[in-house]
Amino acid sequence: MTAPDYRDTIFALSSGPPPSGVAVIRISGPDVRFALETMTGAAPDARRAVLANICDRSGKIIDRGLIIYFPGPHSFTGEDCAEFQIHGGMAVISSMLAALSALPGLRSAEPGEFSRRAFDNGKMDLTAVEGLADLIAAETEAQRKMALEQSTGSLLEIYRRWRNELIRIRAMIEADFDFSDEEDVPGSVVQSIWTNVSALRDEIGRHLEDARAGEIIRSGYRVAIVGAPNAGKSSLLNALTKRDVAIVSDEAGTTRDVLEVRLDLNGYSVILFDTAGIREGAGAVEEEGIRRAKATAASADLVLELREPGAEKQLVDIEPDRHLLVASKSDLGNGGAAYGYDCEVSVRTDHGLDALINLLAVRVSSSTASTSPLLPNRQRHREYLQRCLYALDEALIYLETPLEMRAELLRNAGDMIGRLTGAIDTEDLLDVIFSEFCIGK
Ligand SMILES: Nc1nc2c(ncn2[C@@H]2O[C@H](COP(=O)(O)OP(=O)(O)OP(=O)(O)O)[C@@H](O)[C@H]2O)c(=O)[nH]1
Ligand SMILES: [K+]
Ligand SMILES: [Mg+2]
């Protein structure tokens, strides 16, 4: 998005794609009142739903619908806003949009522009903006809960407390070196300050430890299904997702590309990856598939290695806490050989599928376990928190460092938190964050 221009009044369809029973068109900006007067005769009382004929500039009726006027600053964007709740037909919506764009000063909104204005007007911080984007995108219960907390500013509250604490501590240090000659401010104040810094450092450190859990909830727990050709990987993917997504055949080397399917497992988002069977001596195309299979395994939260008992061979080298060994085709009666496996399954008889799902659920919930519902859940959060911690550690560890420099490190740490919430300018980041939104948000 280019630099925002607040002289414009923006509008967009904020509800889903037509046709629908009701469609919501939202407008925001200095000419909202003018638009309401032109199209409905008068701007209704603030925040009152009013039924009215909605007309174009020439006075032709487009539809009859509900109008709500939200005068700024008590609105989503902080500007004058209004909502038209109209019939959700394609033609109704397009003639409404055409009528709005025919008004001087009005234009259609760019993606995320409503939220961008809300942010610029101090209605939301960056974490709340991200929470809102996540809430709109949420597909599972865990995602919804986390996004809702964040969109209402709960994460901001924590970050703001930390930042204020750092500012307060720094002020005390500065007071101490300004007045060090005077008797009122004892030098020992500075000593107790570092105890506080250290406690704060630990709190931020614990919060950062939960980042992986937050990212898993937000983006999904990644499970790579790997194994030898014909082990039954694609069959298992289809069985677990109850869909016929992957091609299954008795030909070894059927799967080449990595195929991913999302699954809602007890409210958590899980992404299953089907991969090419790993073997030696494959042709060039299959070899590329195998390379991708290994890369998928390397970056997965869990590697589900599928093996027909009796075909023991080490194919991938994975740490035990990321590894689940599953015996396939148990209906073939080779289950006795499945010693040392985590479980056995058959997609023919569905034997063991529930047990496998339970095993996955246990792994997912242990990976997403945290002491707080408020988790950092983006790489951006992790980066700034990490940089904040580095600065705090440096301030704490090097006791010989002059006090002024240690105070400067605290300022640095506080700035990192300020960047996280957008309290400190991060112009370069804003476009990236707001572009996550679709039009009308
Ligand atoms: N009896 C039996 N056959 C199975 C089972 N699962 C898969 N198969 C058969 O095993 C063969 C290979 O299955 P796939 O799912 O294509 O195996 P894959 O591991 O994806 O194979 P590649 O993609 O070639 O690596 C097919 O003929 C399947 O019907 C099972 O549980 N029991
Ligand atoms: K196959
Ligand atoms: Mg396959």
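Helix α9 (residues 233-241) gives the largest share of the shell around ligand 1, three residues. Helices here are DSSP runs of H or I with at least four residues, strands are runs of E with at least two, and both are numbered from the N terminus. The model is predicted: local features need pLDDT of at least 70, side-chain atom pairs count only at pLDDT 80 or more, and totals for chains, interfaces and linings use all residues. Residues are numbered from 1 along each chain as its sequence is written, while chains are lettered from A and ligands numbered from 1 in the order in which they are written.

Stay with the ligand. The shell around ligand 1 holds 24 residues, and Gly232, Ser234, Ser235, Thr255 and Gly277 come nearest. A residue is near a molecule if its C-beta atom, placed from the backbone, lies within 6 Å of it. By class, the shell has seven nonpolar, 12 polar and five charged residues. Nonpolar means Ala, Val, Leu, Ile, Met, Phe, Trp, Tyr, Cys and Pro; charged means Asp, Glu, Lys and Arg; the others, Gly among them, are polar.

Now look at how helices pack. Helix α4 (residues 126-137) meets helix α5 (residues 141-151) at an angle of about 150°, with the axes 7 Å apart. So α4 is roughly antiparallel to α5. Angles under 35 degrees count as roughly parallel, over 145 as roughly antiparallel, 65 to 115 as roughly perpendicular and the rest as oblique. Each axis is a line fitted to C-alpha atoms over the stretch in contact, and angles run from 0 to 180 degrees between N-to-C directions. The crossing of α4 and α5 is left-handed; that is, the near helix is turned anticlockwise from the far one by less than a right angle, whereas clockwise would be right-handed. Leu132 and Leu135 are among the α4 residues in the contact, and Ala147 and Leu148 are among those of α5. Two residues are in contact if their C-beta atoms, placed from the backbone, lie within 7 Å.

Helix α5 also packs against helix α8 (residues 211-219), at an angle of about 120° and with axes 8 Å apart. This crossing of α5 and α8 is left-handed too. Ala142, Gln143 and Met146 in α5 meet Gly214, Ile217 and Arg218 in α8.

Pro373 is in contact with Lys145, Met146 and Glu149, leaving aside its neighbours within four places in sequence. Pro373 sits in the loop between α11 (353-368) and α12 (379-397). Pro373 counts as partly exposed because it has 15 C-beta neighbours inside 10 Å. Buried takes 20 or more other C-beta atoms within 10 Å, exposed 12 or fewer, and partly exposed lies in between, with C-beta atoms placed from the backbone.

Finally, check the backbone. Most residues other than glycine have a negative phi, and most peptide bonds are trans. The bond from Pro18 to Pro19 is cis, with omega near 0°. Another cis bond joins Gly72 and Pro73, with omega about 5°. Asn266 has a positive phi, near 50°, and is partly exposed, with 14 other C-beta atoms within 10 Å. Lys329 also has a positive phi, about 55°, but is buried, with 23 other C-beta atoms within 10 Å.
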